[in-house]
Amino acid sequence: MPLYSNIGTSADLRCGKKYSIKDVLFGLILPSGCDAAYFLAYNLGYFFHKEKPIIGFVEKMNTEARSLGMLSTEITEPTGLGSSVSCA
């Protein structure tokens, strides 16, 4: 069973299988895998919001964007395919 099903490409990550961070990063970068984006967001976001890790990840990304001076950036979900906004 796929880890994440939505519009976009997939790194073909599967539920119940163990992956190294390196493998997931390759899945995120090379095929632009949405499943890899959600995998990383869930596992990293857990450190910021245990009940809702995806929200925790998105909030942390927005905080980081603002700290970098990206004041016109609003991230809404991990893949960037949603309603996220960024302006130069």
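Helices (H or I, at least four residues) and strands (E, at least two) are taken as DSSP runs, numbered from the N terminus. The model is predicted, so local features need pLDDT of at least 70 and side-chain atom pairs count only at pLDDT 80 or more, while totals for chains, interfaces and linings use all residues. Residues are numbered from 1 along each chain as its sequence is written, and side-chain values use heavy atoms, with hydrogens and water left out.

Pro 53, Gly 56, Phe 57, Val 58, Asn 62 and Ala 65 are the buried residues of helix 3, where buried means under 20% relative accessible area, exposed over 50% and partly exposed in between (1.4 Å probe, protein chains only). These buried residues pack against helix 2, with contact meaning heavy atoms within 4.5 Å. Just after the helix, Gly 69 adopts a positive phi of about 85°.

Asn 62 counts as buried because its relative accessibility is 5%. Its side chain reaches the backbone nitrogen of Ile 75 at 2.7 Å, which falls under the heading of a polar contact (a pair of N or O atoms within 3.5 Å; within protein, one must be able to donate a hydrogen and the other to accept it, and residues adjacent in sequence count only if both atoms are side-chain atoms). Residues up to four places away in sequence aside, Asn 62 touches Thr 73, Glu 74 and Ile 75.

Next comes the nonpolar core, a set of buried Ala, Val, Leu, Ile, Met, Phe, Trp, Tyr and Cys residues joined through side-chain atoms within 4.5 Å. The largest one has five residues, namely Leu 13, Val 24, Ala 36, Phe 39 and Leu 40. Helix 2 (residues 34–45) supplies the largest share of this core, three residues. Beyond its neighbours within four places in sequence, Val 24 is in contact with Leu 13, Tyr 19, Ala 36, Phe 39 and Leu 40.

The structure holds one aromatic pair. The ring centres of Tyr 19 and Phe 39 lie 6.2 Å apart with planes at 80°, so the pair is edge-to-face (rings of Phe, Tyr and Trp, its six-membered ring, pair if their centres lie within 6.5 Å; planes under 30 degrees apart count as stacked, over 60 as edge-to-face and the rest as tilted). Phe 39 itself is buried, with a relative accessible area of 18%.
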